[in-house]
Amino acid sequence: MTPTPPTLLVLDADPPPRLGRLTGRARIVHTDAGRLAERLPGADVLLVWDFTSHAVREAWPGDGPRPRWVHTASAGVDHLMCPELAASDTVVTNARGIFDQPIAEYVAALVLAAAKDLPRTLEYQRERTWRHRETRRVAGTRACVVGSGPIGRAIARTLKALGVTTAVVGRVSRTGVHGPDDLDRLISRADWVIAAAPLTDRTYRMFDTHRFGVMQPSAFFVNVGRGGLVDEEALARALTRRWIAGAALDVFAAEPLPGDSPLWELPGLVVSPHMSGDTVGWRDELGVQFVELYERWAAGRSLLNVVDKTRGYVPGH
């Protein structure tokens, strides 16, 4: 008698994942957020393909059994974690490794664009205005990257290749990484402050009025981590009062950013729609990564990218 394959429940987003390699090896059930709660008890594995949804966090505390493994197609896990999931025996994995270099390249592009005044160049071109200016040299400047995981380390490597002296701040101090006690000192000297940390209780709104006040008037701030890292009202004041020279946000407390948000018109702010890690083919890479993890799980081998559910990220960085 052929054994029944495990049930893989997919919280869908458009386009859905390509899981053809799992044909016959998993019973694949697709669901939307509205039916997630009723389908969770029958699932062995949950793939959170819609990584913008908070449906898992809302549905998980219900009755009945829960999947033994949850994988999210994202680096962050704050959108799905709840006390009941954190306390359970369910293994949680993430998409660590997919977004590192694309995000690093995006940050480098923002740094170069800010230093070379490219937004104003494009604006003057639209106006047919010939206005010569002097721009900043990137080599020899200083950056502070907050977040010592794979994304933060990739950002640091990429900026170093541009000649930027880069310091990395992590949860604890260790070789090559500064601890939280050094953060204020480092950002007070940095030309570029890059937020790439996971969102946890310790990092929530860590960039507040105090932190923006510590930065140099010439500093440029970038957030490619999570929207909750930043007190957006404090950033708005810092930009309006010219405490810092400019900023770029790729993530926000509310996404999509509402059309009536004042952030759209803040002076010196670049707004992008959570796209820093999304290069051509990124969804296919996420699908391949999950299939490879599923094959390890089905074979009884240890999973990669296992999240420490109390910390909210993959340990070891």
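Residues are classed by relative accessible area as buried under 20%, exposed over 50% and partly exposed in between (1.4 Å probe, protein chains only). The structure is a predicted model, in which local features need pLDDT of at least 70 and side-chain atom pairs count only at pLDDT 80 or more, whereas totals for chains, interfaces and linings use all residues. Residues are numbered from 1 along each chain as its sequence is written, and side-chain values use heavy atoms, with hydrogens and water left out.

By the accessibility criterion, Arg 157 counts as exposed because its relative accessibility is 53%. Arg 157 belongs to helix α6, which spans residues 150-161; helices (H or I, at least four residues) and strands (E, at least two) are DSSP runs numbered from the N terminus. On the surface, Arg 157 gathers with Arg 153, Arg 171, Arg 174 and Arg 202 in a patch of positive charge. Such patches are made of residues with over 30% relative accessible area and no salt bridge, like charges being joined within 9 Å and nonpolar side chains (Val, Leu, Ile, Met, Phe, Trp, Tyr) within 5 Å. Lys and Arg count as positive and Asp and Glu as negative, while His and the chain ends are not counted.

Side chains of opposite charge can pair when their charged atoms come close. With a salt bridge defined as a side-chain nitrogen of Lys or Arg within 4 Å of a carboxyl oxygen of Asp or Glu, the structure holds twelve salt bridges. In one of them, Arg 226 pairs with Asp 78, with 2.8 Å between the closest N and O atoms. Arg 226 lies in the loop between β9 (220-223) and α9 (232-240) and Asp 78 in the loop between β4 (69-72) and α3 (83-87), so this pair ties together parts that are 148 residues apart in sequence. Arg 226 is buried because its relative accessible area is 16%.

A further salt bridge joins Arg 120 and Asp 117 (2.9 Å, N to O). Here Arg 120 is partly exposed at 39% relative accessibility, whereas Asp 117 is buried at 17%. Asp 191 and Arg 136 also form a salt bridge (3.1 Å, N to O). Asp 191 occupies the loop between α7 (183-187) and β8 (192-195) and Arg 136 the loop between α5 (118-127) and β6 (142-146), so the pair connects parts 55 residues apart in sequence. Asp 191 is buried at 13%, and Arg 136 is partly exposed at 29%. Salt bridges with shared partners link Arg 21, Arg 25 and Glu 295 into one network.

Definitions and conventions: Areas by Shrake-Rupley, 256 points an atom, 1.4 Å probe, with all protein chains shown as cover. Charge placed at Lys NZ, Arg CZ, Asp CG, Glu CD.
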